[in-house]
Amino acid sequence: MAAPALARCMARTGVLPLGQAWGRAPRLPPSPLPAQRRAFSNNKVLVELDESAGVATMKFKSPPVNSLSLDFLTEFCISLEKLENDRACRGVILTSAVPKIFSSGLDITEMCGKSTEHYAEFWRAVQEMWLRLYSSNMVTVAAVNGSSPAGGCLIALTCDYRIMAENPKFSIGLNEAQLGIVAPFWFKDTFVNVVGHRVAESSLQLGSLHSAPEAHRIGLVDELVPEEKLKDRATAVMQQWLALPDHARQLTKTMMRKAVLDRLVAHREEDVQNFISFISKESIQKSLRMYMEMLKKKKS
Amino acid sequence: MAAPALARCMARTGVLPLGQAWGRAPRLPPSPLPAQRRAFSNNKVLVELDESAGVATMKFKSPPVNSLSLDFLTEFCISLEKLENDRACRGVILTSAVPKIFSSGLDITEMCGKSTEHYAEFWRAVQEMWLRLYSSNMVTVAAVNGSSPAGGCLIALTCDYRIMAENPKFSIGLNEAQLGIVAPFWFKDTFVNVVGHRVAESSLQLGSLHSAPEAHRIGLVDELVPEEKLKDRATAVMQQWLALPDHARQLTKTMMRKAVLDRLVAHREEDVQNFISFISKESIQKSLRMYMEMLKKKKS
Amino acid sequence: MAAPALARCMARTGVLPLGQAWGRAPRLPPSPLPAQRRAFSNNKVLVELDESAGVATMKFKSPPVNSLSLDFLTEFCISLEKLENDRACRGVILTSAVPKIFSSGLDITEMCGKSTEHYAEFWRAVQEMWLRLYSSNMVTVAAVNGSSPAGGCLIALTCDYRIMAENPKFSIGLNEAQLGIVAPFWFKDTFVNVVGHRVAESSLQLGSLHSAPEAHRIGLVDELVPEEKLKDRATAVMQQWLALPDHARQLTKTMMRKAVLDRLVAHREEDVQNFISFISKESIQKSLRMYMEMLKKKKS
């Protein structure tokens, strides 16, 4: 076919004839999180950029379980923004440097015994992570090389494509209901876009963690590969996506995701206030303390 | 995993730490159907409550085909409301006490040769049944042990989970188009939420009755089991759902179903008037009389 | 079952008791394209009407690749409108008289080096084709007997049912992104209604052309049959759909498609202006000229 050849040619030359286009690329409103000015430990997200390929790899390295602390989220957003603004980078592969876990989700210590201001700052960072990743102009591929509950699952869902290690011990899902918590509406919207309404409804109600084979069967991940081939496969998939001219792909992505992105942007502060009032309840605090106790006992 | 253990613990103790929560449980507007004051034959819906398990079974027993008459619907709504308000009940299994049929759907005799007032009362009862069941705070499992056309299918679709007897002679579907009737928009919305747009579009246009295996293939029912194991399987599924803390599960359900529920609530009277003006047409009355004649001849 | 028998009887007699109905059949606003008055070469769309069956076949015959030129689209719309108004016609089968190709999509020569007025006229004709076909009161079956990229795929998606020749060399898809072009929102809406959000998102971003087997797997086509049986199978499927009473089927179709139709109707002129400003850009014109050069070289 001629079209793929042209596409590859346009993609390769860099001087796409399609610099301007029908419609506009998405632009997020200014972030309420002054990420650039926050001090943070610059070592939870390792970034490697292959300039010749135009592909960066972001490796989560926050042992023991890559939990999404405020520091992690801040570093993640800053790293992503840098890549977004780097013309040498057209795609990002997200993966984990910690064995057996992709990310365990939101860090419970950030939600327990802290001030209202802290809760607000933390929740805005969670929103920011999702807004930036779901609207990224780059191709985003999740190479899920370990378990990925709750917020970890959200990161994978937010990418363009999900490849998971073919290990039945690894599981993935929005299991918030298991902890007595309700996933926010934008977690839900992202999930419905991937697996459809019926599967999302029962999976969210049950707080299901799906084994890798089951996750593949319900469409939560796009393909499974043996763990040792995950990296190569992610690179190959990325090449396939980068063979397309960026601009048309970006506008198409915006068209598909705009409704769901707009919904959070329109209700962002409301969503923060909901989170604060929910998490500040004594009943919830007690439940989270119980949960952390259980985790500690399990460890020792 | 620690999370399921905590969930089970919270679910068992009854004193969930999550009595209040982020968001609010759904509350229907006051019903225009004064169900509690209607006289009705209290024997079309058998209710058995297993208090130790927190699970009720509602058995449809209105031979020959469990058609949804005004009496049936009234009794169904009252029974459901009682269970909803009973703290000892957390889940309901819907099934049939009549062999080979789950429910044949709306009772045509209620729609033929009656007064405008009667049509209005009947239609409000149909709406009420759906509104209460779709928004129920309880876990609702349909144990479909027979054929389930039209309104019978709607009842199954409205539950959280559908298990069907593995009998290829049993069929299920919204077959209204076969009778020259259009399924109301909220039947359609419920159907689309379960099977997606493409399948709903052709199935509704063709008025398809799907055999049990086909219904499973298209996602209309979640699983098939041999008929003799249906009851046990429904109980096991219910246990799985009840292992979750109620409150998070309820709020999640509301989040998933609110848009579709709100749509009928906002257009309820309009929907009643549409039904009345449709069903009152001489052409429709003639068509329904023809249909009832055919049923009578078939019987004799 | 009695219901199908009644349905067949009502469908056969022609004097359906359901002449009026609950709700109203769709009516498009007056077309801005005065199709009836355009001169056109009346030979790109062959129409054969089998009056006894109530079924017309529209064969695309515009070699070499059935590209959707302004002439083709005008003829298509006029032919479709005639059939729509012909009481003897209840269903249409769309297929190709050109070997190996169903339709190659929009004619690029109509978009290259022409006046603004021409672009507007062309785009309105594309909209018109989709609006008429997606809202047709007739049963529409696509018998896809060749490859069907871009606008060709749109025609198939816009029908009620899609049967494709079981030839792995034939492909189908909305591959606009391969040419650096973004599919309009109503192409996307139609696609999402058929394959769901996840598949549409990656397929549109990648500009995927799916082989026949893959197209079947993702639901883009409803079934595959050996090429020599395609015509017979399309006729059999049509009979199945025509066994239903027209009126209920038409109202059901309207109910399913109205939201997506309304969206283009509400934004029609805006969509025309978007197209003009996009296609008029020098970068796009250059890209299209490159593409046409490639096609020419390939041919010679």
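**A chat about the fold**

Tutor: Start with two strands: β1(A) pairs with strand β2 (residues 55–60) of chain A in the antiparallel sense, over 6 bridges. Keep in mind that this is a predicted model.

Student: Which residue is the bridge partner of A:Val45 in β2(A)?
Tutor: A:Phe60 is the bridge partner there.

Student: What sheet do those strands belong to, and in what order do its strands come?
Tutor: An open sheet of 6 strands in chain A, in the order β1-β2-β4-β7-β9-β12. The pairing is mixed.

Student: Which strands stand at the edges?
Tutor: β1 (45–50) and β12 (223–225) of chain A. Each has a single partner strand, so one side of each is left without a neighbour in the sheet.

Student: How many degrees does the twist average?
Tutor: The twist averages 20 degrees from one strand to the next.

Student: Which helix lies across β7(A)?
Tutor: Helix α8 (residues 230–242) of chain A does, running at about 165 degrees to β7(A). Helix α8 of chain A also lies across β2, β4 (91–96), β9 (161–165) and β12 of chain A.

Student: Zooming out, how many helices and strands does chain A have?
Tutor: Chain A comes to 11 helices and 12 strands. Chain A has 300 residues, and 61% of them count as buried.

Student: What about its contacts? What share comes from residues 24 or more positions apart?
Tutor: Take the contacts in chain A with a separation of 6 or more: residues 24 or more positions apart account for 77% of these.

Student: New topic, the copies. How does chain C relate to chain A?
Tutor: Turn chain C by 120 degrees, with a shift of 0.0 Å along the axis, and it can be laid on chain A with an RMSD of 0.0 Å. That is the relation of a three-fold axis.

Student: Which residue of chain C comes closest to the rotation axis?
Tutor: C:Gly196, with its C-alpha at 4.3 Å.

Student: Staying in chain C, at what angle do α5 and α9 pack?
Tutor: Helix α5 (residues 185–195) and helix α9 (residues 246–266) of chain C pack at about 175 degrees, and their axes are 10 Å apart. That makes α5(C) roughly antiparallel to α9(C).

Student: Which residues make the contact?
Tutor: From α5(C), they are C:Phe185, C:Trp186, C:Lys188, C:Asp189 and C:Asn193. From α9(C), they are C:Val260, C:Arg263 and C:Leu264. By class, the contact has 4 nonpolar, 1 polar and 3 charged residues.

Student: Back to chain A. Is A:Asp189 buried or exposed?
Tutor: Buried, because its relative accessibility is 8% and the cut-off for buried is under 20%. A:Asp189 sits in helix α5 (residues 185–195) of chain A. A:Asp189 touches A:Val260 and A:Arg263, leaving aside residues up to four places away in sequence.

Student: And chain B? How many residues of helix α4 are buried?
Tutor: 9 of its 9 residues, so helix α4 (residues 150–158) of chain B is mostly covered. Among them are B:Cys153, B:Leu154 and B:Ile155.

Student: Where does B:Asn167 lie?
Tutor: In the loop between β9 (161–165) and β10 (171–173) of chain B. B:Asn167 touches B:Ala212 and B:Glu227, not counting residues up to four places away in sequence.

Student: How far apart are B:Asn167 and B:Ser202 in space?
Tutor: They are 23 Å apart, C-alpha to C-alpha, and 35 residues apart in sequence.

Key. Residues numbered from 1 in each chain as written. Chains lettered and ligands numbered in written order. Predicted model: local features only at pLDDT ≥ 70, side-chain atom pairs only at ≥ 80, totals over all residues. Heavy atoms only, no water. Least-squares fit on C-alpha atoms with pLDDT ≥ 70 in both. Axes fitted to C-alpha atoms, helices over the stretch in contact; angles between N-to-C directions. Helix = DSSP H or I, 4+ residues; strand = E, 2+ residues; numbered from the N terminus. Parallel < 35°, antiparallel > 145°, perpendicular 65-115°, else oblique. Contact = heavy atoms within 4.5 Å. Nonpolar A, V, L, I, M, F, W, Y, C, P; charged D, E, K, R; others polar. Pairing = 2+ DSSP bridges. Buried < 20%, exposed > 50% of the residue type's maximum accessible area, 1.4 Å probe, protein only.
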